[in-house]
Amino acid sequence: MNRIIVATDYSAAGQNAMLYAAEAAAKHNIELVLFHLYNISIHALNARLSVESMDSIFQKAKDNFEDSAYALSQTFGIKVIRHFASGDIYTELSACAETWQAEMLVMGMSDKSLEQQLMGNTTTKVIHRLKIPVLAVPENLHYTPVKNILYACDFDKDISGEFPEKLRDFASVFGAQIEIFTVESALKKLQTDDAVEERKLNMDNGLEGISHYYKNVLSDNVVATIKDEIVNTEVDLLVMVPHKYGFWESVIHRSKTSIMASGSNIPLLSIPVDI
């Protein structure tokens, strides 16, 4: 991994993600792209300020961004590439990733709230819309070396030709081992699927050279079972694959990836794949 993006809005969660990413970049010799999106507030627009005043406000925000990027570079002794943008968050993040050929986006995740549970937040929405891996960092979590990765796997959906290699690349950066964890209902367990063994073989081939093992648990509560496994095995990083739903499905079915992102005490790495 050569280059990652960290997006910050300078909230508590955004500041923490920025420091987390900077320390990880310093430890693993990775270039860091600092991304900040700034749009003139609706209050300023409604006040009908002059063009000169608008430009002054925008320039001040950009100057503050440059100062924070310089401070980050000096504090951690790393190269910090500046990317200051204005507009739609999803469009600009996609453009940033493409411009700098970044391999991962780091974002902060604020403490779980009722609003997040119902509607999600910017980070959970970015997870489902961007085409690069997204690392969601809880607000109060400081960087620690990643040694144990828990991949919450659904062999019915997750496996594509490129996914095991993507997972291997991340594990190799940290020198981590991977637990491939599946949760099945009792009914599903009774249904044999020959394709599962083939997908496991593909996973083994893709993870060649990386220490990994499988664990399967019978349960009808997937999220609770994953959370229990995180606690019981002292996991450092959770990996999941985001699945897309149509409009009506999304109304009644919140993604497990989004739920884990908004309620986890460890970083969540979401790796998008073509299903």
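This is a predicted model: local features need pLDDT of at least 70, side-chain atom pairs count only at pLDDT 80 or more; totals for chains, interfaces and linings use all residues.
**The chain as a whole**

The chain has twelve helices and ten strands. It runs to 275 residues, and 44% of them count as buried. Look at contacts between residues at least 6 apart in sequence, and you'll find that 81% of these join residues at least 24 apart. The exposed surface comes to about 14,400 Å², with carbon and sulfur atoms supplying 51% of that area.

**The sheet and what packs on it**

Ten strands make up an open sheet with mixed pairing, and reading across gives E3-E2-E1-E4-E5-E10-E9-E6-E7-E8. Strand E3 (80-85) and strand E8 (212-218) sit at the edges, each pairing on one side only. On average, neighbouring strands in this sheet are turned by 25° against each other, direction ignored.

For a look at one pair, take strand E1 (residues 3-7) and strand E2 (residues 31-37): they run parallel and share five bridges. Alanine 7 has its bridge partner in E2, namely phenylalanine 35.

| Helix | Strands touched or crossed | Angle to E4 |
|---|---|---|
| H1 | E1, E2, E4 (105-109), E5 (134-138) | about 140° |

**The nonpolar cores**

The largest nonpolar core holds 47 residues, and the members touching the most others are Leu32, Val106, Tyr151, Phe163, Ile178 and Val239. Helix H1 (residues 12-28) gives this core its largest share, seven residues.

**A glutamate tucked away**

Glutamate 229 belongs to helix H10 (residues 222-233). Is this residue, glutamate 229, buried or exposed? Its relative accessibility is 5%, so glutamate 229 counts as buried, the cut-off for that being under 20%. Setting aside neighbours within four places in sequence, glutamate 229 is in contact with Leu150, Glu179, Phe181, Lys215 and Val235.

Methods
Residues are numbered from 1 along each chain as its sequence is written. Side-chain values use heavy atoms; hydrogens and water are left out. A nonpolar core is a set of buried Ala, Val, Leu, Ile, Met, Phe, Trp, Tyr and Cys residues joined through side-chain atoms within 4.5 Å. Buried means under 20% relative accessible area, exposed over 50%, partly exposed in between (1.4 Å probe, protein chains only). Helices (H or I, at least four residues) and strands (E, at least two) are DSSP runs, numbered from the N terminus. Two strands pair if DSSP finds at least two bridges between them. Axes are lines fitted to C-alpha atoms, for helices over the stretch in contact, and angles run from 0 to 180 degrees between N-to-C directions. Contact means heavy atoms within 4.5 Å. Accessible areas come from the Shrake-Rupley method with a 1.4 Å probe; for residues, only the protein chains shown count as cover.
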